Amino acid sequence: MKNRYIESFEKAQINERKVPHFKAGDTLRVGIKITEGDKSRIQNFEGICIAVRGNGVDRTFTVRKIGANNIGVEKIFPIFSDGIDKIEVLRVGRVRRAKLYYLRTRRGKAARIKELRKDKKEDSK
């Protein structure tokens with residue numbers, strides 16, 4: 001059971017920040033604030049969300065991308081961190097699992113995820 005002061009602080013943090021809805025399998029672009037000396041900039045990290053865990057303020061998500069020389073790079077981000085500028089959902093993936101850790105062993109075409117398509121009836125209207 002949490003202290004009521006901590007709960008109210010956490011609710012205020014959650015209400016301050018607007019976070020898009022996403023799940024494992026979605027392709028995300030995360031804008032990370034980087035401070036070097038007295039300068040600050042935004043660096044994008046784009047990849048597939050392979051896991052979302054936790055709840056409330058403690059919620060985190062893991063993003064995986066393939067870097068230079070086909071080396072996989074994973075980063076774990078707290079959703080309500082001050083170090084994250086923005087989160088964009090680029091593609092919505094159609095997956096049947098909540099955790100996509102099996103992508104770590106896949107390379108190339110085997111690591112593809114199908115994109116969630118709209119219903120064909122809606123496209124014809």
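Over how many bridges do strand E1 (residues 27-36) and E5 pair in the antiparallel sense? Strand E1 and E5 pair over 6 bridges in the antiparallel sense, two strands being taken to pair if DSSP finds at least two bridges between them. The model shown in these views is predicted, with local features requiring pLDDT of at least 70 and side-chain atom pairs counted only at pLDDT 80 or more, while totals for chains, interfaces and linings use all residues. Residues are numbered from 1 along each chain as its sequence is written, and side-chain values use heavy atoms, with hydrogens and water left out.

View 1. The secondary structure of the protein chain comes to 2 helices and 5 strands, where helices (H or I, at least four residues) and strands (E, at least two) are DSSP runs numbered from the N terminus. The C-alpha trace spans about 45 × 40 × 35 Å along its principal axes, and of the 125 residues 25% count as buried, which is to say under 20% relative accessible area, with exposed set at over 50% and partly exposed in between (1.4 Å probe, protein chains only). Lys11, which lies in helix H1 (residues 4-16), is exposed with a relative accessible area of 56%. The C-alpha atoms of Lys11 and Phe61 are separated by 19 Å, the two residues being 50 residues apart along the chain.

**View 2. The open sheet of 5 strands.** The strands are arranged in the order E4-E3-E2-E1-E5, with antiparallel pairing. E4 and strand E5 (84-91) stand at the edges with a single partner strand each, so one side of each is left without a neighbour in the sheet. Neighbouring strands of this sheet are turned by 40 degrees against each other on average, direction ignored; the axes are lines fitted to C-alpha atoms, for helices over the stretch in contact, and angles run from 0 to 180 degrees between N-to-C directions.

View 3. E2 and E3 pair in the antiparallel sense over 5 bridges, with Ile48 opposite Arg64 in E3.

**View 4. The aromatic cluster of Phe22, Phe45, Phe61 and Phe77.** A search of the whole structure finds 3 aromatic pairs, rings of Phe, Tyr and Trp (its six-membered ring) being paired if their centres lie within 6.5 Å, with planes under 30 degrees apart counted as stacked, over 60 as edge-to-face and the rest as tilted. The rings of Phe45 and Phe77 have centres 6.0 Å apart and planes at 65 degrees, so this pair is edge-to-face. This pair links distant parts of the chain, with Phe45 in strand E2 (residues 39-53) and Phe77 in strand E4 (residues 72-78), 32 residues apart, and both Phe45 and Phe77 are buried. The rings of Phe61 and Phe77, with centres 5.5 Å apart and planes at 35 degrees, form a pair that is therefore tilted. Phe61 in strand E3 (residues 60-66) and Phe77 in strand E4 are 16 residues apart, and the pair again links distant parts of the chain; both Phe61 and Phe77 are buried.

**View 5. The largest pocket and its lining.** About 330 Å³ of space lies in this pocket, a pocket being, on a 1 Å grid over the protein atoms alone, an open set of points where a 1.4 Å probe fits, with protein on both sides within 12 Å along at least five of seven lines, and lining residues having an atom within 4 Å of a point. The lining consists of 20 residues, of which Ile48, Ile66, Ala111, Arg112 and Ile113 lie nearest the centre of the pocket. The largest share of the lining, 3 residues, comes from E3. The lining residues divide into 7 nonpolar, 5 polar and 8 charged.

Notes:
Points joined across faces, edges and corners; volume = space filled by probe spheres on them. Nonpolar A, V, L, I, M, F, W, Y, C, P; charged D, E, K, R; others polar.
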